[in-house]
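Visitor: Please take one part of this fold and go through it closely. I would like its surroundings as well as the part itself.

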Amino acid sequence: MGKLKIGILTISDRASQGIYEDISGLAIRNVVDTYTNDSCDFAYLIIPDEEELILEKLIHLSDVEKCSLIFTTGGTGPARRDVTPEATEKACQKMLPGFGELMRKESLNYVPTAILSRQTAGIRNKTLIVNLPGKPSAIEPCLSAIFPAIPYCIDLLEGPFMICNPETIQIFRPKK
């Protein structure tokens with residue numbers, strides 16, 4: 001099966017220009033490191049909010065880098081330049097709207113504007129792609145809500161077996 005490879009794609013005009021540090025991408029990495037007992041390889045990119053570029057990088061991370069899991073952060077709001085879900089839908093053969101629904105439900109515990117978020121998830125070949133919010137403080141609550149389903153999804157996609165830390169996250173796999 002091999003080692004788990006995770007792509008982190010930060011989508012931000014200002015972070016890609018170096019105007020500010022990408023805190024959201026680093027937050028994803030920190031949470032994943034806390035949740036997993038695996039030694040994961042990471043592919044990490046910061047790009048501007050450009051739909052065709054997002055699509056190109058999602059395809060590259062999936063098909064060339066062979067990431068089993070890709071997290072995006074940013075570009076999921078209602079603003080004109082927020083086009084991450086559109087690029088994700090173009091990259092994927094199957095959509096998994098439950099991921100976005102659960103993240104919005106969890107986020108409503110913190111802010112009433114969570115209903116404006118358009119996160120989604122989908123499958124490209126053997127890669128699970130998940131759109132996370134761009135706000136750094138939203139990363140951990142959203143990941144804690146959806147992460148229990150991620151290892152089993154990767155199993156179903158015939159990816160590497162993901163070993164998680166039961167002290168930090170309770171995942172679900174059906175009993176055999």
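Visitor: In β6, which residue is the bridge partner of Thr72?

Guide: Asn131 is the bridge partner of Thr72 in β6. This is a predicted model, in which local features need pLDDT of at least 70 and side-chain atom pairs count only at pLDDT 80 or more, while totals for chains, interfaces and linings use all residues. Residues are numbered from 1 along each chain as its sequence is written, and side-chain values use heavy atoms, with hydrogens and water left out.

Helices (H or I, at least four residues) and strands (E, at least two) are DSSP runs, numbered from the N terminus. Strand β3 covers residues 69-73, and five of its five residues are buried (under 20% relative accessible area, 1.4 Å probe, protein chains only). Leu69, Phe71 and Thr73 point one way from β3, and Ile70 and Thr72 the other way.

Strands pair if DSSP finds at least two bridges between them. β3 runs parallel to β1 (residues 5-11), joined by five bridges; Leu69 is the partner of Ile6 there. With β6 (residues 127-132), β3 also pairs in the parallel sense, over five bridges.

Ser68 sits in the loop between α3 (51-64) and β3. Ser68 has a relative accessible area of 8% and is therefore buried. Beyond neighbours within four places in sequence, its contacts (heavy atoms within 4.5 Å) include Leu4, Lys126 and Pro160.

Phe71 is among the residues with the most contacts inside the largest nonpolar core, which has 31 residues. Such a core is a set of buried Ala, Val, Leu, Ile, Met, Phe, Trp, Tyr and Cys residues joined through side-chain atoms within 4.5 Å. β1, β3 and β6 are among the elements that each supply at least two of its residues.

Definitions and conventions:
Buried < 20%, exposed > 50% of the residue type's maximum accessible area, 1.4 Å probe, protein only.
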